[in-house]
Amino acid sequence: MKFKFALVAAALAASSLANAATIDWNTWSSNSTGSISTTSGPISVRYSGEMNGQYTDYPSWGPSATFADGTVVANAPVAANGIVRLIGGGDLLVDTVTFSQAVVNPVFSIWSLGQGGDTASFHFLDATPVLVAGGPGAEYGGSSISVSDNDVFGTEGNGTVQFIGTFTSLSWINPVAEDWYGFNVGVPGAAGVVPEPGSMGMLMAGLALTALAIRRRHVR
């Protein structure tokens, strides 16, 4: 019975992983607020820090292969998701994205970071980015962003990074001023949302009932 229960749990875990590549992207409604639609309900996104505007329906976030590798990240953001503008520099103001609930393995797409002869960067605080995809952007060309420890660099760089773990917020500084670059965030589908206590209880109850049914069939 224990073996069969383990199989049920493994199947649920495998199902969750299979859905993890499909990203639910944030859509900005203002310079400081956005929302991610997930199968578990909406997640509110709040941004604080440098305020240099926000665009709706721009950029194109293309080509899609620049922002989605097809394995870890199956789909890029789209123009309708918008972007928050950053310039950086100044007094090294800390920028923060806060999620209304904990999320797992969030992704962070960066557009047009730096320009020819001028490398700009994100320095993330207490979170280490992992490069997922990168390449030229549809608007200005360029190349992939690069990652070193907690830093992401670009000279007209574009791409997506992921943060492994559970997060309620992501914070960073942009030490180099450059006019301009931007970002958006997303979570890996249902697998990227930490279940609320009630949902977790229902899941465990369902597993227990499944195990009991297996045991009864075994006894017969």
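Mentor: Start at Gly 182, which is found in strand 15 (a DSSP run of E, at least two residues, numbered from the N terminus; helices are runs of H or I, at least four residues). The model is predicted: local features need pLDDT of at least 70 and side-chain atom pairs 80 or more, while totals for chains, interfaces and linings use all residues. Numbering starts from 1 along each chain as its sequence is written, and side-chain values use heavy atoms, without hydrogens or water.

Gly 182 is buried, with a relative accessible area of 0% (buried is under 20%, exposed over 50%, partly exposed in between; 1.4 Å probe, protein chains only). Leave aside residues up to four places away in sequence, and Gly 182 touches Ile 83, Val 84, Leu 86, Ser 109, Ile 110 and Trp 111 (contact means heavy atoms within 4.5 Å). Asn 52 lies 130 residues from Gly 182 in sequence, yet their C-alpha atoms are 9.9 Å apart. Across the protein, contacts between residues at least 6 apart in sequence are 78% made by residues at least 24 apart.

Now the core. The largest nonpolar core holds 28 residues (buried Ala, Val, Leu, Ile, Met, Phe, Trp, Tyr and Cys joined through side-chain atoms within 4.5 Å). Phe 99, Phe 108, Phe 122, Trp 172 and Phe 183 have the most contacts inside this core. Strands that each supply at least two of its residues include strand 5 (83–86), strand 7 (107–113), strand 8 (120–125), strand 14 (166–173) and strand 15 (181–187). Strand 15 gives the most, with 4 residues. A second, separate core has 13 residues, among them Trp 25, Val 107, Val 132 and Trp 180.

Next, look at Phe 122. Beyond residues up to four places away in sequence, its contacts include Leu 86, Phe 108, Ile 110, Val 152, Trp 172 and Tyr 181. Val 152 is also the bridge partner of Phe 122 in strand 12. Strands 8 and 12 run antiparallel, joined by 4 bridges (strands pair if DSSP finds at least two bridges between them). Strand 8 also runs antiparallel to strand 14, through 3 bridges. There, His 123 has Ile 173 as its bridge partner.

Phe 122, Phe 108, Trp 172, Tyr 181 and Phe 183 belong to one aromatic cluster, along with Trp 28, Tyr 47, Phe 124, Phe 163 and Phe 167. The structure holds 21 aromatic pairs (ring centres of Phe, Tyr and Trp, its six-membered ring, within 6.5 Å; planes under 30 degrees apart are stacked, over 60 edge-to-face, the rest tilted). Tyr 55 and Tyr 58 have ring centres 5.8 Å apart and planes at 70°, so this pair is edge-to-face. Both are partly exposed: Tyr 55 has 32% relative accessibility, and Tyr 58 has 26%. Trp 61 and Phe 67 are also edge-to-face, because their ring centres are 5.1 Å apart and their planes at 80°. Trp 61 and Phe 67 are both buried.

Finally, the whole chain. It has 3 helices and 15 strands. Of its 220 residues, 42% count as buried. The average pLDDT is 84, and 76% of the residues score at least 70 (pLDDT is the predictor's confidence in each residue, from 0 to 100). Residues 1–20 fall below 50, with 16 contacts in the model beyond near neighbours in sequence. Residues 199–220 also have pLDDT below 50, and that stretch has 11 such contacts.
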